[in-house]
Amino acid sequence: MKKFLSIVFLSLIITSNSMSYEEANYEVVKKNEVYEIRKYSDRLAIETDISNEGNSFRKLFNYISGNNDKNEEIKMTTPVTQMQKKGNMTMQFYLPSRFNKENIPSPSNPDVKILNIKASYYAVIRYSGRASDKNFIKHKSILENELKKDNMIILSPPIKATYDGPFTLPMNRRNEAMFEINIKNKGEI
């Protein structure tokens with residue numbers, strides 16, 4: 001029951017002002033009927049390994065709620081991403097653009113790491129509905145097949161990006177499957 005109430009509480013926080021969240025900065029450089037290619041800027045994120053989704057989310061949420069060396073509350077941003085790294089599933093929150101390496105609070109929890117994600121290109125397919133693994137795998141496969149057809153070089157494992165809390169109506173949810181890609185010749189895009 002306690003776990004359920006925690007999830008409900010966190011979901012209500014996420015959905016309460018979803019339109020006011022800062023989003024990771026990117027520029028769409030190419031788009032077709034299936035996917036788009038985005039150029040993301042450098043960005044800071046916090047990350048933790050996923051032991052179970054609620055627990056991982058809570059670790060990251062606690063950091064932005066002030067569980068850091070400055071006891072500083074940090075505004076939530078979107079998306080929340082998940083991907084496999086070194087054999088472990090990880091979850092990431094991007095940090096607001098006002099932060100840099102000099103002013104970012106250090107995590108109090110040793111399971112939470114700060115990382116700088118370098119600017120890069122990503123192929124992205126957007127979909128609505130539940131953020132279930134089944135829905136993600138379906139769209140990840142569509143994107144992967146399209147990238148192979150277009151001779152694009154995939155550099156990363158698939159990334160699951162979610163923008164809305166679980167109480168947002170499924171048809172109104174924004175979910176994405178992403179791959180970091182190699183753009184050999186920037187003139188191609």
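# Strands, rings and contacts

Trainee: Which residue in β12 is the bridge partner of Ala161?

Mentor: In β12, Ala161 has Glu176 as its bridge partner. Before we go on, please keep in mind that this is a predicted model, in which local features need pLDDT of at least 70 and side-chain atom pairs count only at pLDDT 80 or more, while totals for chains, interfaces and linings use all residues. Residues are numbered from 1 along each chain as its sequence is written, and side-chain values use heavy atoms, with hydrogens and water left out.

Trainee: Okay, and how many bridges join β11 to strand β12?

Mentor: There are 4 bridges between β11 and strand β12 (residues 175-182), and the two run antiparallel. Strands are DSSP runs of E with at least two residues, helices are runs of H or I with at least four, and both are numbered from the N terminus; two strands pair if DSSP finds at least two bridges between them.

Trainee: What stands opposite Ala161 in β11?

Mentor: That is Thr81, and strand β6 (residues 80-85) is joined to β11 by 4 bridges, again running antiparallel.

Trainee: Which way do Ile159 and Ala161 point from strand β11?

Mentor: Ile159 and Ala161 point one way from strand β11 (residues 159-162), whereas Lys160 and Thr162 point the other way, and all are buried. Buried means under 20% relative accessible area, exposed means over 50%, and partly exposed is in between, using a 1.4 Å probe and protein chains only. In a regular strand, side chains alternate between the two faces of the sheet.

Trainee: New topic: how many aromatic pairs does a search of the whole structure find?

Mentor: The search finds 4 aromatic pairs. In one of them, the ring centres of Tyr26 and Tyr40 are 5.1 Å apart and the planes are at 45 degrees, so this pair is tilted. Rings of Phe, Tyr and Trp (its six-membered ring) pair if their centres lie within 6.5 Å, and planes under 30 degrees apart count as stacked, over 60 as edge-to-face and the rest as tilted.

Trainee: Where do Tyr26 and Tyr40 lie?

Mentor: Tyr26 is in strand β2 (residues 26-31) and Tyr40 in strand β3 (residues 36-40), so the pair ties together parts that are 14 residues apart in sequence. Tyr26 is partly exposed at 26% relative accessibility, whereas Tyr40 is buried at 3%. Ring pairs also link Tyr26, Tyr40 and Tyr122 into a cluster.

Trainee: What sits over the ring of Tyr26?

Mentor: The charged end of Arg38 does, 4.2 Å from the ring centre. A charge sits over a ring if NZ of Lys or CZ of Arg is within 6 Å of the ring centre and within 35 degrees of the ring normal.

Trainee: And are the rings of Phe57 and Phe61 stacked or tilted?

Mentor: Their centres are 6.1 Å apart and their planes are at 10 degrees, so this pair is stacked. Phe57 and Phe61 are 4 residues apart in helix α2 (residues 53-64), about one helical turn, and Phe57 is buried at 12% relative accessibility, as is Phe61 at 13%.

Trainee: Last one: what does Phe93 touch?

Mentor: Not counting residues up to four places away in sequence, Phe93 touches several residues, including Phe57, Phe61, Leu60 and Val80, where contact means heavy atoms within 4.5 Å. Phe93 belongs to strand β7 (residues 88-94) and is buried at 2% relative accessibility.
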